[in-house]
Every structure is written in C-alpha cells, then in structure tokens.
Amino acid sequence: QDPYADASVGNVTGSNSVNVFLGLGLPWMIASIYWAVVPESAEWRTRYGDNADLTFNIDFLGKVGATRTQGFVVEVRRKVYGGELGGPAGPRWGAFCFLLFLWFLYIGLSAWQSFSTGGASCP
C-alpha cells in the first residue's frame with residue numbers, strides 16, 4: 001500500500017474544491033451583487049422565479065455543515081486508524097453508511113421540498 005495515498009486524495013479533493021468554489025462561487029457572487037444593485041424586473045422573475053428551493057438547500061447544507069458531522073467522522077478515523085481511508089471493515093463500512101445516509105437525506109429532503117412548493121414536476 002502507498003503510504004502517501006491519503007495525501008494524494010487530499011490533494012485531488014482540495015484541487016477540485018478550489019475549482020468548484022472559484023468556478024461557481026465567483027460568478028454567483030458577481031451575479032448576486034449585480035441583482036442586488038439592479039431592481040428586480042419582470043424579465044428577472046420570468047427567468048429565475050422564486051428562490052425557495054435554493055434557500056432551502058443552502059439552509060440545509062449550512063446546518064449539516066455547522067454540525068461538522070462529516071469532519072468529525074474523518075477526524076475520528078484519522079486519529080483512531082491513522083488515516084482517512086481504509087482501516088478495519090466495520091468502522092470503514094459504518095462511516096460509509098453514515099455519510100451515504102446524509103447524502104440520501106439531503107437528496108430526499110431537497111426533492112420533497114421542491115415538489116411540495118411546486119418547483120418541480122414529474123413527467
């Protein structure tokens with residue numbers, strides 16, 4: 001096994017994070033500033049509609065992030081097993097199932113909120 005595998009995964013994850021934050025965050029910030037300065041118009045309402053789905057998603061992700069749940073799992077694995085990857089099968093699968101549960105919870109609540117507000121429809 002490669003002793004530097006955790007560092008490699010961290011490097012790839014960090015690089016992708018920077019790409020996402022700059023690639024999505026910067027244009028979003030510029031658009032937010034623009035639309036805060038320019039008054040809302042009929043064109044804006046037609047194009048972008050209500051932002052209830054976005055607000056719900058950001059709120060949910062912020063609350064899960066504020067609990068540092070994922071970070072706690074990773075930190076415990078790092079201290080107890082000496083790395084973020086691998087380790088004994090039981091804890092490895094436990095961490096996997098817990099993080100997968102959080103992902104399904106987010107997808108489920110996001111879909112529920114979108115359908116309940118009429119923001120999405122089934123074909």
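Q: What share of the 123 residues in the protein chain is buried?
A: Buried means under 20% relative accessible area, exposed means over 50%, and partly exposed lies in between (1.4 Å probe, protein chains only). Here buried residues make up 11% of the 123 residues. This is a predicted model, in which local features need pLDDT of at least 70, side-chain atom pairs count only at pLDDT 80 or more, and totals for chains, interfaces and linings use all residues. Residues are numbered from 1 along each chain as its sequence is written, and side-chain values use heavy atoms, with hydrogens and water left out.

Q: What pLDDT does the protein chain average?
A: pLDDT is the predictor's confidence in each residue, from 0 to 100. Where it is low, the predicted coordinates should not be read in detail. The average for the protein chain is 77, and 84% of the residues score at least 70.

Q: How many helices and strands are in the protein chain?
A: Helices (H or I, at least four residues) and strands (E, at least two) are DSSP runs, numbered from the N terminus. The protein chain has five helices and zero strands.

Q: Which residues of H5 are buried?
A: They are Ala95, Leu102, Ser110, Gln113 and Ser114.

Q: What share of contacts between residues at least 6 apart in sequence joins residues at least 24 apart?
A: A contact means heavy atoms within 4.5 Å. In the protein chain that share is 55%.
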